[in-house]
Amino acid sequence: MREHDAMAPGILGKKIGMTQFFDEDGHVVPVTVLQAGPCAVIQRKTAGKDGYEAIQVGLVDFLREKLVNKPARGHFAKAGVEPMRFLREFRLEDGSSDWKPGDRILAEQFRPAERVDVIGVSKGKGFQGVVKRHNFRGGRATHGSMFHRAPGSIGQSAYPSKVFKGQRLPGRMGGKRVTVRGLEIVEVRPDDNMILVRGAVPGARGGFVAIRRAR
């Protein structure tokens, strides 16, 4: 695999966890530590063939061969890389670069003070009520109220005799794709394949994330 000279549109990684970082002025900055790469380009998509410009990137986190089906094995073999668990696409500006399958993407291609969007899957909370899911206030907590964490009226009985679409109700919470935009890179540690970003990112520790250059 060759290391590409152009700026990568993004990189894949894992969420390690949160910690504190002291900046040059001695201020405490909350940061999230992300394992960023190493990654490899699996496929180059072009406007002529696929209708848009993009690269498919895989995080170097190899799978056992028996967990990979035959079409996937051929897909990875065509790029000259081992099968990988986590793949994502990053869009390219039309004709912006000559990325090829097998090219490497590393954390050192990013710089402090750059802005990135981090995409992950939020923590699943299971089935929750409206107080936790939608921040409802709830009823009085006094004796005999019988209205502590209930949603209240959700529609009219006579007219229109239905519950309108979009009504906030209990249900499954979390476990969805979430994008946090414009996070600042505080520090890059190329030797450890780590990027530290200011603030929180979605997902649990050990969860896969995509780090995309902010537009």
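Me: How many salt bridges does a search of the whole structure find?

Reply: The search finds seven salt bridges. The model is predicted, so local features need pLDDT of at least 70 and side-chain atom pairs count only at pLDDT 80 or more, while totals for chains, interfaces and linings use all residues. Residues are numbered from 1 along each chain as its sequence is written, and side-chain values use heavy atoms, with hydrogens and water left out.

Me: Why is the pairing of E114 and R213 called a salt bridge?

Reply: A salt bridge requires a side-chain nitrogen of Lys or Arg within 4 Å of a carboxyl oxygen of Asp or Glu. The N to O distance for E114 and R213 is 2.9 Å, and the pair therefore meets the definition.

Me: What makes this pair a tie between parts of the chain?

Reply: E114 lies in the loop between β6 (104-105) and β7 (115-121), whereas R213 belongs to strand β12 (residues 208-213), so parts 99 residues apart in sequence are tied together. Strands are DSSP runs (E, at least two residues), numbered from the N terminus.

Me: Why is R213 called buried?

Reply: Buried means under 20% relative accessible area, exposed over 50%, and partly exposed in between (1.4 Å probe, protein chains only). R213 has 15%, and is therefore buried.

Me: Why does R198 count as partly exposed?

Reply: R198 has a relative accessibility of 36%, so the term partly exposed applies.

Me: How do you know that A36 is buried?

Reply: The relative accessibility of A36 is 0%, so A36 counts as buried. This residue is found in strand β2 (residues 28-36).

Methods: Helix = DSSP H or I, 4+ residues; strand = E, 2+ residues; numbered from the N terminus.
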